[in-house]
Amino acid sequence: MAKTLVYVAHDNLNRNKGALAGARPETHAIVFVESQRMLKGARWNRQRLFFLLSAARHFAEELKAEGFEVMYLKSNDTSSGIQSISKDYDEVISVEPSSYRLTKSLADIGVRFVPNDFFLTPRALFAQWSKSQKSLKMENFYRWQRQRLGILVSNGEPFGGRWNYDDENREPPPKTDYQWPNYTNHERDLIDHEVIAELKNLNLTGSIEETIWGTTRKTALAQLNKFLRESFAEFGPYEDAMTVKSWALHHSLLSPYLNIGLLTPDEILKFVLKKFEEGNIPLSSCEGFIRQIIGWREYINGLYWYFGEDYRDSNFFNSNNPLLPLFENSKSTKMKCVSDTISGVERRGWVHHIPRLMILSNLAALCDVAPTELLIWMRNNFIDATDWVMVPNVIGMSMHADGGRMSTKPYIAGGSYISRMSDYCGDCVYNPKTRIEGDSCPFTTLYWHYLYRNRDLFKKNHRMFQQLNGMKKLKDLEETISRGDQVIKGLLAGEI
Ligand SMILES: Cc1cc2nc3c(=O)[nH]c(=O)nc-3n(C[C@H](O)[C@H](O)[C@H](O)COP(=O)(O)OP(=O)(O)OC[C@H]3O[C@@H](n4cnc5c(N)ncnc54)[C@H](O)[C@@H]3O)c2cc1C
Ligand code: SF4
(Lines give C-alpha, C1' and ligand atoms only; values in the text may rest on other atoms or scores of the structure.)
(Ligands and ions follow the chains in the order given, each with its own letter.)
Protein backbone atom coordinates (compact mmCIF):
# COMPACT_ATOMS: atom_id res chain seq x y z
CA MET A 1 0.00 0.00 0.00
CA ALA A 2 1.29 3.45 -0.89
CA LYS A 3 2.11 5.84 1.90
CA THR A 4 0.54 9.19 2.76
CA LEU A 5 2.70 12.17 1.82
CA VAL A 6 2.95 14.88 4.47
CA TYR A 7 3.83 18.33 3.17
CA VAL A 8 5.69 20.30 5.85
CA ALA A 9 5.76 24.06 5.29
CA HIS A 10 8.70 26.07 6.60
CA ASP A 11 6.58 27.28 9.53
CA ASN A 12 5.31 23.84 10.64
CA LEU A 13 8.50 22.48 12.15
CA ASN A 14 6.99 20.43 14.95
CA ARG A 15 6.77 16.67 15.25
CA ASN A 16 3.78 16.78 17.62
CA LYS A 17 1.52 19.20 15.78
CA GLY A 18 -0.52 19.35 12.61
CA ALA A 19 -0.09 16.71 9.92
CA LEU A 20 3.01 15.24 11.58
CA ALA A 21 1.31 14.51 14.90
CA GLY A 22 0.01 11.11 13.81
CA ALA A 23 2.69 10.32 11.22
CA ARG A 24 4.77 7.11 11.37
CA PRO A 25 7.72 6.11 9.18
CA GLU A 26 5.90 2.93 8.08
CA THR A 27 2.86 4.80 6.75
CA HIS A 28 3.99 8.33 5.96
CA ALA A 29 6.64 10.00 3.79
CA ILE A 30 7.53 13.67 4.16
CA VAL A 31 8.18 16.46 1.69
CA PHE A 32 9.61 19.93 2.15
CA VAL A 33 9.77 22.33 -0.80
CA GLU A 34 12.31 25.11 -1.04
CA SER A 35 10.81 27.19 -3.83
CA GLN A 36 12.50 29.74 -6.07
CA ARG A 37 9.73 32.12 -5.01
CA MET A 38 10.83 31.72 -1.41
CA LEU A 39 14.47 32.39 -2.33
CA LYS A 40 14.12 35.05 -4.96
CA GLY A 41 10.57 36.38 -4.64
CA ALA A 42 11.71 39.40 -2.65
CA ARG A 43 14.82 41.12 -1.39
CA TRP A 44 14.76 39.36 1.99
CA ASN A 45 16.84 40.15 5.01
CA ARG A 46 19.71 37.62 5.08
CA GLN A 47 19.04 36.69 8.74
CA ARG A 48 15.44 35.85 7.92
CA LEU A 49 16.13 33.63 4.94
CA PHE A 50 19.01 31.91 6.69
CA PHE A 51 16.85 31.17 9.72
CA LEU A 52 13.93 29.75 7.72
CA LEU A 53 16.03 27.55 5.45
CA SER A 54 18.45 26.29 8.05
CA ALA A 55 15.72 25.48 10.61
CA ALA A 56 13.75 23.50 7.99
CA ARG A 57 16.84 21.58 6.87
CA HIS A 58 17.72 20.73 10.47
CA PHE A 59 14.19 19.54 11.09
CA ALA A 60 14.24 17.42 7.91
CA GLU A 61 17.41 15.73 9.19
CA GLU A 62 15.73 14.99 12.55
CA LEU A 63 12.81 13.33 10.76
CA LYS A 64 15.21 11.26 8.66
CA ALA A 65 16.98 10.16 11.82
CA GLU A 66 13.62 8.94 13.11
CA GLY A 67 13.31 6.65 10.09
CA PHE A 68 11.08 8.72 7.80
CA GLU A 69 11.56 8.89 4.06
CA VAL A 70 12.12 12.66 3.69
CA MET A 71 12.35 14.56 0.41
CA TYR A 72 13.74 18.07 0.54
CA LEU A 73 12.91 19.40 -2.91
CA LYS A 74 14.06 22.54 -4.68
CA SER A 75 11.44 23.67 -7.12
CA ASN A 76 10.02 26.69 -8.92
CA ASP A 77 7.05 26.85 -6.58
CA THR A 78 5.55 24.76 -3.80
CA SER A 79 2.71 23.22 -5.82
CA SER A 80 4.87 22.03 -8.68
CA GLY A 81 7.35 20.57 -6.19
CA ILE A 82 4.62 18.55 -4.48
CA GLN A 83 3.05 17.54 -7.79
CA SER A 84 6.36 16.22 -9.08
CA ILE A 85 6.17 13.33 -6.60
CA SER A 86 2.56 13.13 -5.38
CA LYS A 87 1.43 10.46 -7.87
CA ASP A 88 3.45 7.89 -5.93
CA TYR A 89 1.38 8.41 -2.77
CA ASP A 90 -2.15 7.68 -1.59
CA GLU A 91 -2.82 11.29 -0.75
CA VAL A 92 -1.06 14.47 0.29
CA ILE A 93 -1.88 16.06 3.63
CA SER A 94 -0.75 19.25 5.33
CA VAL A 95 -1.72 21.34 8.31
CA GLU A 96 -4.02 24.27 7.36
CA PRO A 97 -1.49 26.80 6.01
CA SER A 98 -0.83 30.10 7.73
CA SER A 99 -1.61 32.33 4.72
CA TYR A 100 -4.40 32.75 2.19
CA ARG A 101 -1.97 32.34 -0.71
CA LEU A 102 -0.60 28.97 0.36
CA THR A 103 -4.05 27.72 1.34
CA LYS A 104 -5.28 28.38 -2.18
CA SER A 105 -2.32 26.90 -3.99
CA LEU A 106 -2.38 23.68 -1.91
CA ALA A 107 -6.17 23.36 -2.15
CA ASP A 108 -5.90 23.75 -5.95
CA ILE A 109 -3.74 20.61 -6.18
CA GLY A 110 -5.96 18.58 -3.86
CA VAL A 111 -3.96 18.63 -0.63
CA ARG A 112 -6.12 17.58 2.35
CA PHE A 113 -5.85 19.88 5.37
CA VAL A 114 -5.53 18.85 9.00
CA PRO A 115 -6.79 21.48 11.53
CA ASN A 116 -4.13 23.98 12.54
CA ASP A 117 -3.21 23.35 16.19
CA PHE A 118 -0.19 25.67 16.25
CA PHE A 119 -2.48 28.19 17.99
CA LEU A 120 -4.63 27.96 21.12
CA THR A 121 -7.72 29.40 19.45
CA PRO A 122 -9.30 27.62 16.48
CA ARG A 123 -10.26 30.01 13.69
CA ALA A 124 -13.95 29.12 13.94
CA LEU A 125 -13.98 29.77 17.69
CA PHE A 126 -12.41 33.19 17.20
CA ALA A 127 -15.03 34.01 14.57
CA GLN A 128 -17.74 32.95 17.03
CA TRP A 129 -16.29 35.25 19.71
CA SER A 130 -16.00 38.14 17.21
CA LYS A 131 -19.59 37.82 16.12
CA SER A 132 -20.73 38.06 19.74
CA GLN A 133 -18.92 41.42 20.25
CA LYS A 134 -19.90 45.01 19.53
CA SER A 135 -16.26 45.95 19.03
CA LEU A 136 -13.24 43.67 18.72
CA LYS A 137 -11.26 44.98 21.70
CA MET A 138 -8.14 42.95 22.46
CA GLU A 139 -8.74 43.44 26.19
CA ASN A 140 -12.13 41.72 26.00
CA PHE A 141 -10.71 38.88 23.93
CA TYR A 142 -7.87 38.46 26.42
CA ARG A 143 -10.20 38.25 29.43
CA TRP A 144 -12.30 35.71 27.56
CA GLN A 145 -9.13 33.71 26.82
CA ARG A 146 -8.03 33.80 30.47
CA GLN A 147 -11.41 32.40 31.53
CA ARG A 148 -11.73 29.94 28.69
CA LEU A 149 -8.23 28.54 29.19
CA GLY A 150 -8.32 28.83 32.99
CA ILE A 151 -5.12 30.86 33.23
CA LEU A 152 -4.47 33.05 36.30
CA VAL A 153 -8.14 32.85 37.27
CA SER A 154 -10.05 31.33 40.13
CA ASN A 155 -13.84 31.09 40.14
CA GLY A 156 -13.93 33.26 37.05
CA GLU A 157 -12.08 36.11 38.81
CA PRO A 158 -8.56 37.27 37.94
CA PHE A 159 -5.75 36.10 40.18
CA GLY A 160 -4.59 39.09 42.29
CA GLY A 161 -7.86 40.96 41.73
CA ARG A 162 -7.02 42.67 38.42
CA TRP A 163 -7.03 41.52 34.80
CA ASN A 164 -4.51 44.04 33.68
CA TYR A 165 -1.21 45.40 35.05
CA ASP A 166 -0.38 47.59 32.05
CA ASP A 167 -0.10 50.68 34.24
CA GLU A 168 2.85 49.05 36.07
CA ASN A 169 4.41 47.95 32.80
CA ARG A 170 5.23 51.25 31.13
CA GLU A 171 8.48 52.30 32.78
CA PRO A 172 11.08 54.24 30.79
CA PRO A 173 14.58 52.74 30.80
CA PRO A 174 16.33 53.10 34.18
CA LYS A 175 18.50 56.21 34.45
CA THR A 176 20.97 54.64 36.86
CA ASP A 177 23.32 51.73 36.15
CA TYR A 178 21.29 48.68 35.36
CA GLN A 179 22.36 45.19 34.35
CA TRP A 180 20.62 44.12 31.14
CA PRO A 181 20.94 40.45 30.21
CA ASN A 182 23.53 39.13 27.76
CA TYR A 183 22.12 37.49 24.69
CA THR A 184 23.02 34.00 23.57
CA ASN A 185 25.30 33.37 20.62
CA HIS A 186 24.46 30.11 18.89
CA GLU A 187 27.42 28.32 17.41
CA ARG A 188 26.80 27.51 13.76
CA ASP A 189 27.01 23.95 12.49
CA LEU A 190 27.56 22.42 9.06
CA ILE A 191 23.97 22.90 7.90
CA ASP A 192 24.03 26.54 8.96
CA HIS A 193 27.26 27.11 7.04
CA GLU A 194 25.92 25.32 3.99
CA VAL A 195 22.89 27.67 3.93
CA ILE A 196 25.02 30.77 4.49
CA ALA A 197 27.22 29.78 1.54
CA GLU A 198 24.17 29.28 -0.71
CA LEU A 199 22.79 32.70 0.21
CA LYS A 200 26.02 34.48 -0.72
CA ASN A 201 25.03 35.09 -4.32
CA LEU A 202 21.45 36.22 -3.70
CA ASN A 203 20.43 39.87 -3.71
CA LEU A 204 19.53 40.23 0.00
CA THR A 205 19.60 42.95 2.65
CA GLY A 206 21.10 42.88 6.14
CA SER A 207 24.05 40.93 7.42
CA ILE A 208 24.58 37.47 8.84
CA GLU A 209 27.34 38.26 11.30
CA GLU A 210 25.23 38.13 14.47
CA THR A 211 24.68 34.61 15.73
CA ILE A 212 21.78 35.24 18.07
CA TRP A 213 19.24 33.02 16.29
CA GLY A 214 19.49 29.27 16.73
CA THR A 215 18.04 26.96 14.10
CA THR A 216 16.92 23.89 16.08
CA ARG A 217 14.34 23.03 18.70
CA LYS A 218 17.18 22.57 21.17
CA THR A 219 18.32 26.16 20.71
CA ALA A 220 14.72 27.40 20.87
CA LEU A 221 14.26 25.64 24.22
CA ALA A 222 17.56 27.11 25.42
CA GLN A 223 16.25 30.61 24.58
CA LEU A 224 13.02 29.91 26.47
CA ASN A 225 14.96 28.77 29.54
CA LYS A 226 17.26 31.77 29.37
CA PHE A 227 14.26 34.09 29.24
CA LEU A 228 12.66 32.41 32.26
CA ARG A 229 15.91 32.54 34.24
CA GLU A 230 17.14 36.01 33.36
CA SER A 231 14.33 38.19 32.03
CA PHE A 232 10.88 36.96 33.02
CA ALA A 233 10.85 38.66 36.42
CA GLU A 234 11.61 42.07 34.91
CA PHE A 235 9.75 41.61 31.64
CA GLY A 236 6.80 43.75 32.74
CA PRO A 237 8.18 47.14 33.81
CA TYR A 238 10.46 47.67 30.78
CA GLU A 239 8.18 46.12 28.17
CA ASP A 240 7.72 49.46 26.37
CA ALA A 241 11.14 50.99 27.03
CA MET A 242 13.86 51.55 24.41
CA THR A 243 17.53 52.06 25.21
CA VAL A 244 20.84 52.34 23.40
CA LYS A 245 22.29 50.17 26.17
CA SER A 246 20.41 47.00 25.28
CA TRP A 247 18.88 45.95 21.97
CA ALA A 248 16.37 43.44 23.39
CA LEU A 249 15.96 44.56 27.04
CA HIS A 250 13.93 41.81 28.75
CA HIS A 251 11.98 40.70 25.69
CA SER A 252 11.84 36.95 25.24
CA LEU A 253 13.15 36.69 21.63
CA LEU A 254 10.77 33.77 21.15
CA SER A 255 8.66 35.00 18.20
CA PRO A 256 10.87 33.50 15.46
CA TYR A 257 10.76 30.05 17.10
CA LEU A 258 7.04 30.26 17.86
CA ASN A 259 6.20 31.33 14.34
CA ILE A 260 7.91 28.38 12.66
CA GLY A 261 6.71 25.78 15.17
CA LEU A 262 9.98 25.03 16.99
CA LEU A 263 8.10 26.15 20.10
CA THR A 264 4.34 26.17 20.64
CA PRO A 265 2.22 28.50 22.78
CA ASP A 266 0.82 25.67 24.93
CA GLU A 267 4.27 24.53 26.02
CA ILE A 268 5.46 28.09 26.63
CA LEU A 269 2.45 28.63 28.89
CA LYS A 270 3.25 25.47 30.82
CA PHE A 271 6.84 26.57 31.49
CA VAL A 272 5.84 30.15 32.30
CA LEU A 273 3.13 29.19 34.78
CA LYS A 274 5.40 26.65 36.46
CA LYS A 275 8.10 29.30 36.90
CA PHE A 276 5.53 31.73 38.31
CA GLU A 277 4.25 29.14 40.79
CA GLU A 278 7.80 28.55 42.01
CA GLY A 279 7.80 32.18 43.24
CA ASN A 280 9.93 35.34 42.76
CA ILE A 281 8.12 36.42 39.61
CA PRO A 282 5.98 39.55 40.10
CA LEU A 283 2.37 39.07 39.01
CA SER A 284 2.65 42.15 36.75
CA SER A 285 5.46 40.50 34.75
CA CYS A 286 3.69 37.16 34.56
CA GLU A 287 0.38 38.73 33.56
CA GLY A 288 2.15 41.00 31.05
CA PHE A 289 3.84 38.07 29.35
CA ILE A 290 0.77 35.80 29.38
CA ARG A 291 -1.17 38.68 27.77
CA GLN A 292 1.29 38.58 24.82
CA ILE A 293 0.98 34.83 24.30
CA ILE A 294 -2.72 34.10 24.87
CA GLY A 295 -3.90 37.61 24.11
CA TRP A 296 -2.07 39.52 21.40
CA ARG A 297 -0.68 36.60 19.43
CA GLU A 298 -3.96 34.71 19.27
CA TYR A 299 -5.97 37.86 18.65
CA ILE A 300 -3.79 38.83 15.68
CA ASN A 301 -4.07 35.38 14.13
CA GLY A 302 -7.82 35.33 14.74
CA LEU A 303 -8.27 38.73 13.08
CA TYR A 304 -6.20 37.73 10.04
CA TRP A 305 -8.69 34.97 9.25
CA TYR A 306 -11.77 36.82 10.47
CA PHE A 307 -11.19 39.98 8.40
CA GLY A 308 -10.55 38.07 5.18
CA GLU A 309 -8.14 38.24 2.30
CA ASP A 310 -8.92 41.79 1.12
CA TYR A 311 -8.16 43.34 4.51
CA ARG A 312 -4.49 43.77 3.51
CA ASP A 313 -5.51 46.31 0.85
CA SER A 314 -7.31 48.64 3.30
CA ASN A 315 -6.20 52.24 2.96
CA PHE A 316 -8.48 54.42 5.11
CA PHE A 317 -6.36 57.57 4.73
CA ASN A 318 -5.72 56.96 1.04
CA SER A 319 -2.01 57.22 1.77
CA ASN A 320 0.12 56.96 -1.34
CA ASN A 321 3.66 57.99 -0.55
CA PRO A 322 6.46 55.51 -1.29
CA LEU A 323 8.53 54.06 1.52
CA LEU A 324 11.14 56.51 2.81
CA PRO A 325 14.70 55.82 1.56
CA LEU A 326 15.98 55.69 5.16
CA PHE A 327 14.25 52.29 5.56
CA GLU A 328 16.89 50.87 3.21
CA ASN A 329 19.93 52.34 4.93
CA SER A 330 20.31 53.01 8.64
CA LYS A 331 23.25 55.32 8.04
CA SER A 332 21.33 57.64 5.77
CA THR A 333 19.40 59.48 8.50
CA LYS A 334 20.40 61.74 11.37
CA MET A 335 17.31 60.77 13.39
CA LYS A 336 18.97 58.81 16.18
CA CYS A 337 16.00 56.64 17.14
CA VAL A 338 15.27 55.71 13.52
CA SER A 339 18.87 55.02 12.60
CA ASP A 340 19.35 52.78 15.66
CA THR A 341 16.13 50.88 14.95
CA ILE A 342 16.87 50.29 11.25
CA SER A 343 20.38 49.23 12.16
CA GLY A 344 18.87 46.62 14.51
CA VAL A 345 16.74 45.28 11.65
CA GLU A 346 19.77 45.14 9.33
CA ARG A 347 21.84 43.23 11.87
CA ARG A 348 19.29 40.90 13.43
CA GLY A 349 16.03 41.09 11.51
CA TRP A 350 14.43 42.00 14.81
CA VAL A 351 13.59 44.96 17.04
CA HIS A 352 11.02 44.79 19.79
CA HIS A 353 7.40 45.81 19.65
CA ILE A 354 7.74 49.50 20.50
CA PRO A 355 10.37 50.40 17.87
CA ARG A 356 8.22 48.52 15.32
CA LEU A 357 5.11 50.41 16.37
CA MET A 358 6.17 53.79 17.68
CA ILE A 359 9.26 54.42 15.55
CA LEU A 360 9.05 52.64 12.20
CA SER A 361 5.29 52.45 11.70
CA ASN A 362 4.69 55.78 13.42
CA LEU A 363 7.11 57.48 11.02
CA ALA A 364 5.51 55.79 8.00
CA ALA A 365 2.01 56.78 9.15
CA LEU A 366 3.06 60.37 9.88
CA CYS A 367 4.62 60.58 6.38
CA ASP A 368 1.49 59.23 4.67
CA VAL A 369 3.30 56.18 3.31
CA ALA A 370 1.09 53.65 1.51
CA PRO A 371 0.33 50.89 4.07
CA THR A 372 1.26 48.07 1.68
CA GLU A 373 4.70 49.61 1.15
CA LEU A 374 5.41 49.28 4.88
CA LEU A 375 3.83 45.83 4.96
CA ILE A 376 6.12 44.55 2.21
CA TRP A 377 9.23 46.06 3.75
CA MET A 378 8.46 44.60 7.19
CA ARG A 379 7.58 41.19 5.75
CA ASN A 380 10.88 41.12 3.86
CA ASN A 381 13.00 42.26 6.75
CA PHE A 382 11.76 40.78 10.03
CA ILE A 383 12.94 37.37 11.12
CA ASP A 384 9.54 36.51 12.65
CA ALA A 385 7.41 37.78 9.75
CA THR A 386 4.62 35.69 8.33
CA ASP A 387 1.49 36.82 6.57
CA TRP A 388 -0.96 36.14 9.41
CA VAL A 389 1.01 38.23 11.88
CA MET A 390 2.21 41.07 9.65
CA VAL A 391 -1.09 41.97 8.01
CA PRO A 392 -3.15 42.87 11.14
CA ASN A 393 -0.13 44.33 12.94
CA VAL A 394 0.75 46.67 10.07
CA ILE A 395 -2.57 47.38 8.37
CA GLY A 396 -4.69 47.49 11.53
CA MET A 397 -2.65 48.25 14.62
CA SER A 398 0.16 50.36 13.16
CA MET A 399 -1.20 52.24 10.18
CA HIS A 400 -4.88 52.40 11.22
CA ALA A 401 -5.48 51.74 7.52
CA ASP A 402 -8.61 49.73 8.36
CA GLY A 403 -10.30 52.89 9.68
CA GLY A 404 -10.59 51.46 13.21
CA ARG A 405 -11.90 47.94 12.70
CA MET A 406 -9.12 46.71 14.96
CA SER A 407 -8.00 49.64 17.16
CA THR A 408 -10.25 52.52 18.04
CA LYS A 409 -7.49 55.08 17.58
CA PRO A 410 -4.19 55.25 15.73
CA TYR A 411 -0.88 54.64 17.50
CA ILE A 412 0.87 57.88 16.59
CA ALA A 413 3.13 60.05 18.69
CA GLY A 414 5.50 62.99 18.52
CA GLY A 415 9.07 63.15 19.80
CA SER A 416 8.01 63.67 23.41
CA TYR A 417 6.74 60.06 23.67
CA ILE A 418 10.00 58.69 22.22
CA SER A 419 11.98 60.99 24.47
CA ARG A 420 10.08 59.77 27.56
CA MET A 421 10.36 56.07 26.72
CA SER A 422 13.98 55.99 25.50
CA ASP A 423 17.42 57.50 25.88
CA TYR A 424 17.79 58.27 22.18
CA CYS A 425 17.06 61.97 22.13
CA GLY A 426 20.04 63.14 24.17
CA ASP A 427 22.35 62.01 21.34
CA CYS A 428 20.21 63.30 18.50
CA VAL A 429 20.70 66.42 16.39
CA TYR A 430 16.96 67.10 16.66
CA ASN A 431 15.00 68.55 19.54
CA PRO A 432 11.91 66.53 20.53
CA LYS A 433 10.32 69.51 22.33
CA THR A 434 9.88 71.91 19.43
CA ARG A 435 7.98 71.76 16.16
CA ILE A 436 8.84 74.73 13.95
CA GLU A 437 12.56 75.32 14.50
CA GLY A 438 15.27 74.24 12.07
CA ASP A 439 16.29 71.42 14.42
CA SER A 440 12.77 70.42 15.54
CA CYS A 441 12.22 66.67 15.79
CA PRO A 442 10.50 65.40 12.62
CA PHE A 443 8.17 63.26 14.74
CA THR A 444 6.98 66.28 16.71
CA THR A 445 6.24 68.41 13.67
CA LEU A 446 4.64 65.56 11.75
CA TYR A 447 2.42 64.50 14.64
CA TRP A 448 0.47 67.78 14.25
CA HIS A 449 0.64 67.59 10.47
CA TYR A 450 -1.00 64.14 10.62
CA LEU A 451 -3.79 65.33 12.90
CA TYR A 452 -4.39 68.38 10.74
CA ARG A 453 -4.52 66.61 7.38
CA ASN A 454 -6.77 63.83 8.74
CA ARG A 455 -8.97 66.04 10.93
CA ASP A 456 -12.15 65.39 8.93
CA LEU A 457 -11.68 61.62 9.08
CA PHE A 458 -11.33 61.79 12.87
CA LYS A 459 -14.34 64.08 13.38
CA LYS A 460 -16.57 61.32 14.69
CA ASN A 461 -13.89 59.49 16.67
CA HIS A 462 -14.43 60.57 20.27
CA ARG A 463 -11.07 59.04 21.28
CA MET A 464 -9.36 61.66 19.09
CA PHE A 465 -11.19 64.71 20.49
CA GLN A 466 -8.50 65.61 22.96
CA GLN A 467 -5.71 65.47 20.38
CA LEU A 468 -7.71 67.47 17.83
CA ASN A 469 -8.54 70.07 20.46
CA GLY A 470 -4.85 70.31 21.33
CA MET A 471 -4.09 70.90 17.66
CA LYS A 472 -6.71 73.64 17.35
CA LYS A 473 -5.10 75.50 20.24
CA LEU A 474 -1.65 75.65 18.61
CA LYS A 475 -0.78 79.29 17.93
CA ASP A 476 1.76 78.30 15.30
CA LEU A 477 -0.37 75.71 13.52
CA GLU A 478 0.16 77.27 10.09
CA GLU A 479 3.95 77.29 10.46
CA THR A 480 3.83 73.75 11.84
CA ILE A 481 1.90 72.48 8.82
CA SER A 482 4.18 74.28 6.42
CA ARG A 483 7.28 72.84 8.15
CA GLY A 484 5.56 69.41 8.12
CA ASP A 485 5.24 69.64 4.32
CA GLN A 486 8.97 70.35 4.10
CA VAL A 487 9.86 67.54 6.49
CA ILE A 488 7.89 64.99 4.47
CA LYS A 489 9.55 66.23 1.30
CA GLY A 490 12.96 65.98 2.94
CA LEU A 491 12.30 62.46 4.24
CA LEU A 492 11.01 61.30 0.85
CA ALA A 493 14.13 62.72 -0.79
CA GLY A 494 16.35 60.93 1.75
CA GLU A 495 17.73 64.20 3.09
CA ILE A 496 16.74 63.96 6.78
C1 LIG B 1 4.28 46.86 12.96
C2 LIG B 1 4.43 45.58 13.73
C3 LIG B 1 4.84 44.44 13.06
C4 LIG B 1 4.93 43.23 13.76
N5 LIG B 1 5.31 42.13 13.07
C6 LIG B 1 5.41 40.94 13.72
C7 LIG B 1 5.80 39.77 13.01
O8 LIG B 1 6.02 39.80 11.81
N9 LIG B 1 5.90 38.62 13.72
C10 LIG B 1 5.65 38.56 15.05
O11 LIG B 1 5.74 37.48 15.62
N12 LIG B 1 5.28 39.65 15.72
C13 LIG B 1 5.17 40.84 15.11
N14 LIG B 1 4.81 41.95 15.81
C15 LIG B 1 4.51 41.83 17.25
C16 LIG B 1 5.71 42.00 18.21
O17 LIG B 1 6.39 43.17 17.89
C18 LIG B 1 6.65 40.80 18.14
O19 LIG B 1 5.92 39.62 18.32
C20 LIG B 1 7.70 40.86 19.24
O21 LIG B 1 8.44 42.05 19.14
C22 LIG B 1 8.61 39.65 19.15
O23 LIG B 1 9.65 39.70 20.08
P24 LIG B 1 9.64 38.80 21.40
O25 LIG B 1 9.45 37.38 21.02
O26 LIG B 1 10.85 39.13 22.17
O27 LIG B 1 8.33 39.32 22.08
P28 LIG B 1 7.91 39.51 23.61
O29 LIG B 1 7.78 40.96 23.86
O30 LIG B 1 8.78 38.74 24.51
O31 LIG B 1 6.42 38.91 23.61
C32 LIG B 1 6.17 37.52 23.70
C33 LIG B 1 5.43 36.99 22.52
O34 LIG B 1 4.16 37.60 22.40
C35 LIG B 1 3.71 37.53 21.06
N36 LIG B 1 3.22 38.85 20.64
C37 LIG B 1 3.25 40.00 21.32
N38 LIG B 1 2.65 40.99 20.64
C39 LIG B 1 2.23 40.45 19.50
C40 LIG B 1 1.53 40.97 18.37
N41 LIG B 1 1.15 42.26 18.28
N42 LIG B 1 1.29 40.13 17.35
C43 LIG B 1 1.64 38.83 17.42
N44 LIG B 1 2.31 38.30 18.44
C45 LIG B 1 2.58 39.10 19.48
C46 LIG B 1 4.90 37.09 20.22
O47 LIG B 1 4.73 35.74 19.86
C48 LIG B 1 6.07 37.23 21.18
O49 LIG B 1 7.08 36.27 20.94
C50 LIG B 1 4.67 43.18 15.15
C51 LIG B 1 4.28 44.34 15.80
C52 LIG B 1 4.14 45.53 15.09
C53 LIG B 1 3.70 46.74 15.80
S1 SF4 C 1 14.74 63.97 18.76
FE2 SF4 C 1 13.20 62.99 17.50
S3 SF4 C 1 14.34 62.01 15.86
FE4 SF4 C 1 15.78 62.47 17.47
S5 SF4 C 1 15.90 60.61 18.71
FE6 SF4 C 1 14.36 61.95 19.66
S7 SF4 C 1 12.45 61.32 18.75
FE8 SF4 C 1 14.06 60.47 17.47
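**Chatting through a predicted model**

Biologist: Hi! Let's start with helix α8. Which of its residues are buried?

Modeller: T219, A220, Q223, L224, K226, F227 and L228 are the buried residues of α8. Keep in mind that this is a predicted model.

Biologist: And what covers those buried residues of α8?

Modeller: Their cover includes four other helices: α9 (232-235), α10 (255-260), α11 (265-277) and α12 (283-307).

Biologist: How many residues does α8 have, and how far does it reach?

Modeller: Helix α8 runs over residues 217-230, which makes 14 residues. From first C-alpha to last it reaches 20 Å, close to the 20 Å expected at 1.5 Å a residue.

Biologist: Okay, new topic: salt bridges. How many does the structure hold?

Modeller: There are 29 salt bridges in the structure. One of them joins K17 and D266, with the closest N and O atoms 2.8 Å apart. K17 sits in the loop between β1 (4-7) and β2 (28-35) and D266 in helix α11, so this pair ties together parts that are 249 residues apart in sequence.

Biologist: Now R291 and E287. Where do they lie?

Modeller: Both are in helix α12, four residues apart, which is about one turn of the helix. An α-helix has 3.6 residues a turn, so residues three or four places apart point the same way. R291 and E287 form a salt bridge, with the closest N and O atoms 3.1 Å apart. R291 is buried at 3% relative accessibility, and E287 is buried at 0%.

Biologist: Which residues are linked with them in a network of salt bridges?

Modeller: The network links R291 and E287 with E139, R143, D166 and R170.

Biologist: Let's jump to strand β2. How many of its residues are buried?

Modeller: Eight of the eight, so β2 is largely enclosed by the rest of the structure. H28, I30, F32 and E34 point one way, and A29, V31, V33 and S35 point the other way. In a regular strand the side chains alternate between the two faces of the sheet.

Biologist: And how does β2 pair with β1 and β3?

Modeller: β2 pairs with β1 in the parallel sense over four bridges, and A29 in β2 is the bridge partner of L5. β2 and β3 pair in the parallel sense too, over seven bridges. There, K74 in β3 is the bridge partner of E34.

Notes: Residues numbered from 1 in each chain as written. Chains lettered and ligands numbered in written order. Predicted model: local features only at pLDDT ≥ 70, side-chain atom pairs only at ≥ 80, totals over all residues. Heavy atoms only, no water. Helix = DSSP H or I, 4+ residues; strand = E, 2+ residues; numbered from the N terminus. Expected span 1.5 Å × (residues − 1). Buried < 20%, exposed > 50% of the residue type's maximum accessible area, 1.4 Å probe, protein only. Contact = heavy atoms within 4.5 Å. Salt bridge = Lys/Arg side-chain N within 4 Å of Asp/Glu carboxyl O. Pairing = 2+ DSSP bridges.
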